[in-house]
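Colleague: I am new to this structure. Could you walk me through how to read it?

Modeller: Gladly. Have a look, then ask away.

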Amino acid sequence: MAPKGLGWIIIDSLDTLMLMNMTKQLTHARAWLSKSLTWDQDQDVNTFETTIRMMGGLLSAHYLSTTYPELAPIPDDDPGKPGEDLYLEKAKDLADRLMAAFESPSGIPYASVNLGQFKGIESHADSGASSTAEAATLQLEFKYLAKLTGEKDFWDKAEKVMEMIDDNAPKDGLVPIFIFPSTGKFMGNNIRLGSRGDSYYEYLIKQYLQTNKKEPIYEKMWQETLEGVRKNLVTYTANSQFTIIGERPSGLDGELSPKMDHLVCFMPGTIALSVTGGLTEKESRKVRKWTKQDEADMQLARELMQTCWGMYKCTKTGLAGEITYFKIADPPLPESAPHQAPTEFDPDPEAEWRKDFEVRGFDSHNLQRPETVESLFYMWRITGDQKYRDWGWEMFKSFANYTAVEDGGGFTSLSNADTLPPATKDNMESFWLAETLKYFYLLFSPNDLMPLDKIVFNTEAHPLPRFDLGPLFSTGWKRKPRDNESKTSTAH
Ligand code: DMJ
């Protein structure tokens, strides 16, 4: 049977349409969902992408439409059927199919699922290993669905993944980027906060916040990680002392590579979120004792934000490349080294700070990714510093100037953002609508639209509510005892 399409862009955009009050477009999208969307298709899909974009999109559409009915209100298309909720119904049907991914010997999800056959499929590459980030970025979605439906299996399957990963006792809270569904063991020892690593870390702190800070295990894991990042990955650039998070491709005993994916730029905002839990810095200082650690964490968030903004400032279009390499000292300076990056970016093409940033030809594409504007949004909300809005506005203008297609033809990614005019790609990822534009919109909206201390955004920018565990749910696992100097897993 010919594939009917899964409506990735439609579903990933639902909550953006709601937030922006685009009722007409939302009505259209909902009609498609109601009349044409079926998951009963013989299609292999990526477990993680389908969870964060589709399940996340539907769950957040459910949450917004029920909690904020004044946003893009549309009449019920199934009047007279009490309790019927199209978004939730579609999310649950999808989740029942995605659950097949967890049917591996270890409980670590397979990389893909055949939706029609309810069947998990091992990755065809990477010796069958799944990406660690992909395995550990399903928890917010499955746990919220468990809460909504009362079906505990969704909770248990998602939670088990956290236990399996942690049973490897990753040193300093830093995990290799591949893990085997067959054994639950890590593959190799490549460590980075960019692709295949990123949202594992993001979901540690967000899981803690999702259940109203009642699961301290995830806060502990996040703190261990942040300390590990400082100790093993943070260093400063050679000329202008920008703070970067590098990579350890050969494990923590190997060399530090001064390479930073744009993806790593979720970190400044996430660090700030972890410090205040979503309150403003000012409120947070009032309601509890502000520690030296809080101060240091906020400082790290500000420094990394500056570096991520530098990734935009250093290219010809003002839009970041996919990967930036930094010039660092040899040996790399430790986190404790004195450092003070310039607060302004001198526009002179020969300016000293530019010598620290290098975007290589292969990495000069810009996929309209959200991470920097995402962090600007958190930093604006939490610190109230106007400069984050200013930077966001400048960035928005660059996107408008260089990624808009002629004659109202929409927007496109760039295959080279470091040349003028830029080379375009004729492709638009759904996260441009789901995330990048949503974060821009929220950056310039009043601060009480999606209050940060009441919700958690999933990794695809879909807002989900925080909730109490209640009688049905609890943290169903404990961390295995380990030495202070925790052991790294033996790689396979
Ligand atoms: C999105 O799908 C999510 O933000 C994910 O966590 C990382 N990759 C893209 C955006 O860059």
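Colleague: Where is the place of Pro 331?

Modeller: Keep in mind that this is a predicted model. Pro 331 sits in the loop between strand 10 (323-326) and strand 11 (357-358). The peptide bond leading from Asp 330 to Pro 331 is cis, with omega near -5°.

Colleague: Which other residues does a cis peptide bond join?

Modeller: Leu 420 and Pro 421, where omega is about -10°. Pro 421 belongs to the loop between strand 12 (414-416) and strand 13 (423-424).

Colleague: Next, backbone angles. What is the phi of Phe 118?

Modeller: Phi there is positive, about 50°, although Phe 118 is not a glycine. Look for Phe 118 in the loop between strand 2 (112-114) and strand 3 (119-121).

Colleague: Now helix packing. By what are two packed helices described?

Modeller: By the angle between their axes and the distance between the axes. Take helix 3 (residues 47-67) and helix 4 (residues 86-98): the angle is about 155°, and the axes are 8 Å apart. An angle over 145 degrees counts as roughly antiparallel, so helix 3 and helix 4 are roughly antiparallel to each other. Their crossing is left-handed.

Colleague: Which residues make that contact?

Modeller: Helix 3 brings Thr 47, Thr 50, Thr 51, Met 54, Met 55, Leu 58, Leu 59, Ala 61, His 62 and Ser 65. Helix 4 answers with Tyr 87, Leu 88, Lys 90, Ala 91, Leu 94, Ala 95 and Leu 98. By class, the contact of helix 3 with helix 4 has eleven nonpolar residues, five polar and one charged.

Colleague: At what angle do helix 3 and helix 6 pack?

Modeller: About 40°, with the axes of helix 3 and helix 6 (residues 139-149) 10 Å apart. Helix 3 and helix 6 are therefore oblique to each other. This crossing is left-handed. From helix 3, the contact uses Thr 51, Ile 52, Met 55, Gly 56, Leu 59, His 62 and Tyr 63. From helix 6 come Glu 141, Phe 142, Tyr 144, Leu 145 and Leu 148. The contact of helix 3 with helix 6 divides into eight nonpolar, three polar and one charged residues.

Colleague: And how far apart are the axes of helix 10 and helix 13?

Modeller: They are 7 Å apart, and helix 10 (residues 267-276) packs on helix 13 (residues 371-383) at an angle of about 35°. The crossing of helix 10 and helix 13 is left-handed. Met 267, Pro 268, Gly 269, Ala 272, Leu 273 and Thr 276 of helix 10 meet Ser 375, Tyr 378, Met 379 and Ile 382 of helix 13. That contact of helix 10 with helix 13 holds seven nonpolar and three polar residues, and no charged ones.

Colleague: On to the ligand. Which residues are around the ligand?

Modeller: Ile 52, Arg 53, Leu 263, Arg 369, Pro 370, Glu 371, Phe 431, Glu 435, Thr 459 and Glu 460. Then check polar atom pairs. An N or O atom in the side chain of Glu 371 is 2.7 Å from an oxygen atom of the ligand. For the side chain of Glu 435, the value is 2.7 Å, again to a ligand oxygen. Thr 459 places a polar side-chain atom 2.7 Å from a ligand oxygen.

Colleague: One last residue. Which residues does Gln 43 touch, not counting those up to four places away in sequence?

Modeller: Pro 3, Leu 6, Val 113, Asn 114 and Leu 115. Gln 43 lies in the loop between helix 2 (23-35) and strand 1 (44-46). Gln 43 and Val 113 are 70 residues apart along the chain, yet their C-alpha atoms are separated by 8.0 Å.

Methods
Residues numbered from 1 in each chain as written. Predicted model: local features only at pLDDT ≥ 70, side-chain atom pairs only at ≥ 80, totals over all residues. Heavy atoms only, no water. Axes fitted to C-alpha atoms, helices over the stretch in contact; angles between N-to-C directions. Helix = DSSP H or I, 4+ residues; strand = E, 2+ residues; numbered from the N terminus. Parallel < 35°, antiparallel > 145°, perpendicular 65-115°, else oblique. Left-handed = near helix turned anticlockwise from the far one by under 90°. Contact = heavy atoms within 4.5 Å. Nonpolar A, V, L, I, M, F, W, Y, C, P; charged D, E, K, R; others polar. Near = heavy atom within 4 Å. Polar contact = N/O pair within 3.5 Å; in protein donor to acceptor, adjacent residues only side chain to side chain.
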